[in-house]
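The sequence and the structure come first.

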Amino acid sequence: MVTATKNKKSKKVDFAKIREDFPLLKREMNGKPIVFLDSAASSQKPSYVIDAMNSYYENLHANVHRGVYQLSQEATDAFEKSRRLVQEFINAPSDKECIFVRGTTEGINLVANCYGRKFLEAGDEVLISTMEHHSNIVPWQMICEEKGAHLKVIPINEDGEIIMSEFDKLLTNKTKIVAINHISNALGTINPVKEIIDKAHAINVPVLIDGAQAIPHLKIDVQALDADFYTFSGHKMCGPTGIGILYGKEKWLNAMPPYHGGGEMIETVTFEKTTYNTLPHKFEAGTPDIAGVIGLGAAVEYMQEIGHDAIIEHENDLLAYGTSQLKQIEGIRIVGEAKEKASVISFLLEGAHPFDVGTILDKLGIAVRTGHHCTQPLMARFGIPGTVRASFAFYNNKADIDKLVEGVKRAARMLS
Ligand code: 7TS
């Protein structure tokens, strides 16, 4: 499990009170108070974020970066303030290195396309792991196919941990980039990304970290990690859907060609030739998701107010409690028992299909995800069709876990 920042006792946070900030958690599902355990798919939103977006539309809306009039200037200021909030949140050296994208998927596609077009050649290799989400597999397959490069995959052990000795063997002078998730969405494994980055840098290979699952749970410091690229989605960290961040070191972003062409990303355009805008605008063609950016900024403020140390402590308690309670159920198998783990419990019930377990839980008002979790190669590695996945956020509590455990017991009685 993750440890809170050493020697720093987290401030006392009233998580029961914090739960009240989330209007959706007051609703029912199938006539029962909702037990929301699918935050790895998308987190719920506090009123603070919803209000910030509504207020933008009510009071501040105009297009950004183009009007001389006061309203457009105010919208631009609010938009750029969010970029600085994100910069501070992940400790990026400069806000120019924080590119607004639609989410993790777009962040990875941008790097696969732009870095790949510039730096990949036939015979080169891209290194990923067995536990990647499809969005950190398919974009690399596409660019590898185009360039005649090869995708190499680091194996994992039975507990769902990367086998570092295999990584050492696969990292060679043919490797042109390593792309790996910080936390696995299907297993909850926290990967040793700092060690991976250090080893790759020792032979001058850049590393992209898919931070989709890490950003709501861990304090991210891109400078301490020395990540070349770090990408995440707003909607998994209490922010809106459709907005995310690609952090990239300036030297790489400057060396890469633009992704999309259009307004905002240009310096000058003639029919003969276009020159491109500076960072971050070079990668932000077209009118952006302004309300989304403002909502993301509010989500950053909201999470910072709670503080990651308190979040980690609370979620570790839930994870330990949930794991020990579920393990007492006969016929249960936890998939993914890494030593370093966060906020996800994937499991199977002997003799029961995950979908059937999920359906019974749904009737009890319990929202979990079932299936392959967009990690089909990982499921194939374990020889299973999928799992039932309960995933937690800081707004969950022990009562949620108790209801899950009761529900799983009931499913076991009905299905086995
Ligand atoms: N990478 C990881 C590790 C993810 O967990 C996800 C989404 C993505 C990338 C893609 O993020 P997006 O915001 O661009 O869609 N994971 C999940 C999940 O576990 N259940 O639904 C979506």
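The text below takes the helix pairs first, then the pocket and the cavities, then the backbone.

The model is predicted, so local features need pLDDT of at least 70 and side-chain atom pairs count only at pLDDT 80 or more, while totals for chains, interfaces and linings use all residues. Residues are numbered from 1 along each chain as its sequence is written, and side-chain values use heavy atoms, with hydrogens and water left out.

**Helix packing**

Helices (H or I, at least four residues) and strands (E, at least two) are DSSP runs numbered from the N terminus. Axes are lines fitted to C-alpha atoms, for helices over the stretch in contact, and angles run from 0 to 180 degrees between N-to-C directions.

| Helix pair | Angle | Axis separation |
|---|---|---|
| H4 (residues 104–119) and H5 (residues 138–147) | about 20° | 9 Å |
| H11 (residues 308–327) and H14 | about 20° | 10 Å |
| H12 (residues 354–363) and H14 (residues 398–415) | about 125° | 9 Å |

Angles under 35 degrees count as roughly parallel, over 145 as roughly antiparallel, 65 to 115 as roughly perpendicular and the rest as oblique. The angle between H12 and H14 is about 125°, which means that H12 is oblique to H14. The crossing of H12 and H14 is right-handed; a crossing has this hand if the near helix is turned clockwise from the far one by less than a right angle, and is left-handed if anticlockwise. From H12, Asp356, Val357, Ile360 and Leu361 meet Leu404, Gly407, Val408, Ala411, Met414 and Leu415 of H14, where contact means heavy atoms within 4.5 Å. This contact of H12 with H14 has eight nonpolar, one polar and one charged residues. In these classes Ala, Val, Leu, Ile, Met, Phe, Trp, Tyr, Cys and Pro are nonpolar, Asp, Glu, Lys and Arg are charged, and the others, Gly among them, are polar.

H11 also packs on H14, at an angle of about 20°, and is therefore roughly parallel to H14. The crossing of H11 and H14 is right-handed. On the H11 side the contact is made by Leu318, Tyr321, Gly322, Gln325 and Leu326, and on the H14 side by Lys398, Ile401, Asp402, Leu404, Val405 and Val408. By class, these are seven nonpolar, two polar and two charged residues.

H4 and H5 are likewise roughly parallel to each other, and H4 passes H5 in a right-handed crossing. Ile108, Asn109, Val111, Ala112, Asn113, Gly116 and Arg117 in H4 meet Pro139, Trp140, Ile143 and Lys147 in H5. The contact of H4 with H5 has six nonpolar, three polar and two charged residues.

**Pocket and cavities**

On a 1 Å grid over the protein atoms alone, a cavity is a set of points where a 1.4 Å probe fits but cannot get out, and a pocket is an open set with protein on both sides within 12 Å along at least five of seven lines; lining residues have an atom within 4 Å of a point. Grid points are joined across faces, edges and corners, and a volume is the space filled by probe spheres set on the points.

The second largest pocket has a volume of about 290 Å³. It is lined by 23 residues, of which Thr104, His133, Ser135, Ala212 and Lys236 are the closest to its centre. The lining of this pocket divides into five nonpolar, 13 polar and five charged residues.

The whole structure holds two cavities of 30 Å³ or more. The largest cavity has a volume of about 100 Å³. Of its 16 lining residues, Ser39, Pro216, His217, Lys236 and Ala393 are the closest to its centre. The lining of the largest cavity divides into eight nonpolar, six polar and two charged residues.

**Backbone**

Leu279 and Pro280 are joined by a cis peptide bond, with omega about 0°. Pro280 lies in the loop between strand E12 (274–276) and helix H10 (290–306). Asn91, a residue other than glycine, has a positive phi, near 55°. Asn91 lies in the loop between helix H3 (70–90) and strand E4 (98–101).
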